Amino acid sequence: KVGADQFGRRLIRTLEDAGIGTRGVVSDPECFTTLAFVTLQNGERSFSFARKPGADARLRFEELDLSLIDGARAFHFGTLSLAQDPAREATRRAVAYAREKGKLITFDPNLRLPLWDSGGRARWEILWGLDQADVVKISDEEAAFLWDCGPEEGARRLLEDHGVSLAMVTLG
């Protein structure tokens, strides 16, 4: 979901220009499109967001075009949509719908702590996402955040503790 603003329209146009379908994109006339600002200092990324709330956080399940899930082989989600309701509830219901339809579920936590009211809530939602997924890509930083462990132990936990079929842990 994007805002009915210049940036939201630009995102849609950019996707269309790249040949990516935008049928499921919802435009919100009451909220701006969330903006992410990324800075790089000494090789480390830092994130800040303009989202109070952004249109994406206001996505409701009723706004989803479920025929897009019906026609897909896989359903991918991340935790950015799990940070706030109603998008959290929409995501949970969409994941359940995709699982019910037998879709491959892929998950990338993409941890961005500034979007969360607490690290504990972020951890809770990521662990929920891991339990839903067949395929997971996490970073070494996310493994350390979740379990205070390195990438190899993180991959083992994904496979053994969460029943993930394919686990990828990126380094840096």
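How many nonpolar, polar and charged residues does the lining of the second largest pocket have?

Modeller: Happy to. Please keep in mind that this is a predicted model. By class, four nonpolar, five polar and eight charged residues make up the lining of the second largest pocket. The space in this pocket comes to about 380 Å³. Its lining has 17 residues, and those closest to the centre are Arg-45, Phe-47, Leu-111, Arg-112 and Glu-141. Strand S4 (44-50), strand S7 and helix H5 are the elements that give two or more residues to this lining.

About 1300 Å³ of space lies in the largest pocket. It is lined by 41 residues, with Lys-1, Asp-56, Leu-59, His-76 and Ser-81 nearest its centre. Helix H1 (6-17), strand S3 (35-41), helix H2 (66-70), S5 and H3 each give two or more residues to the lining. The most come from S5, which gives five residues. By class, the lining of the largest pocket divides into 23 nonpolar, eleven polar and seven charged residues.

Back to Phe-47, one of the residues closest to the centre of the second largest pocket. The model has four aromatic pairs, and Phe-47 forms one of them with Phe-49. The two rings are stacked, at 6.4 Å centre to centre with 10° between the planes. Phe-47 counts as partly exposed because its relative accessibility is 21%. Phe-49 is also partly exposed, with a relative accessible area of 22%.

Another pair is made by Phe-77 and Trp-128, and this one is edge-to-face, with 5.9 Å between centres and 65° between the planes. It links distant parts of the chain, as Phe-77 sits in strand S5 and Trp-128 in helix H4, 51 residues apart. With a relative accessibility of 4%, Phe-77 counts as buried. Trp-128 counts as buried too, at 17%. These two residues belong to one aromatic cluster together with Phe-75 and Phe-107.

Phe-75 and Phe-77 also take us into the largest nonpolar core, which has 28 residues. Both are among those with the most contacts inside this core, along with Leu-130, Val-136 and Trp-147. At least two core residues each come from strand S5 (74-78), helix H3 (87-100), strand S6 (104-108), helix H4 (119-132), strand S7 (135-139) and helix H5 (140-147). H4 gives the most to this core, with five residues.

Trp-147 deserves a look of its own. Leaving out residues up to four places away in sequence, Trp-147 touches Arg-123, Leu-127, Leu-130, Ile-138, Gly-154, Arg-157, Leu-158 and His-162.

One last stop is Pro-151, which is found in helix H6 (residues 151-161). Pro-151 is partly exposed, with a relative accessible area of 22%. Pro-151 and Ser-165 lie 14 residues apart in sequence, and their C-alpha atoms are 17 Å apart in space.

Note on methods:
Residues are numbered from 1 along each chain as its sequence is written. This is a predicted model: local features need pLDDT of at least 70, side-chain atom pairs count only at pLDDT 80 or more; totals for chains, interfaces and linings use all residues. Side-chain values use heavy atoms; hydrogens and water are left out. A nonpolar core is a set of buried Ala, Val, Leu, Ile, Met, Phe, Trp, Tyr and Cys residues joined through side-chain atoms within 4.5 Å. Buried means under 20% relative accessible area, exposed over 50%, partly exposed in between (1.4 Å probe, protein chains only). Helices (H or I, at least four residues) and strands (E, at least two) are DSSP runs, numbered from the N terminus. Contact means heavy atoms within 4.5 Å. On a 1 Å grid over the protein atoms alone, a cavity is a set of points where a 1.4 Å probe fits but cannot get out, and a pocket is an open set with protein on both sides within 12 Å along at least five of seven lines; lining residues have an atom within 4 Å of a point. Grid points are joined across faces, edges and corners, and a volume is the space filled by probe spheres set on the points. Ala, Val, Leu, Ile, Met, Phe, Trp, Tyr, Cys and Pro count as nonpolar, Asp, Glu, Lys and Arg as charged, and the others, Gly among them, as polar. Rings of Phe, Tyr and Trp (its six-membered ring) pair if their centres lie within 6.5 Å; planes under 30 degrees apart count as stacked, over 60 as edge-to-face and the rest as tilted.
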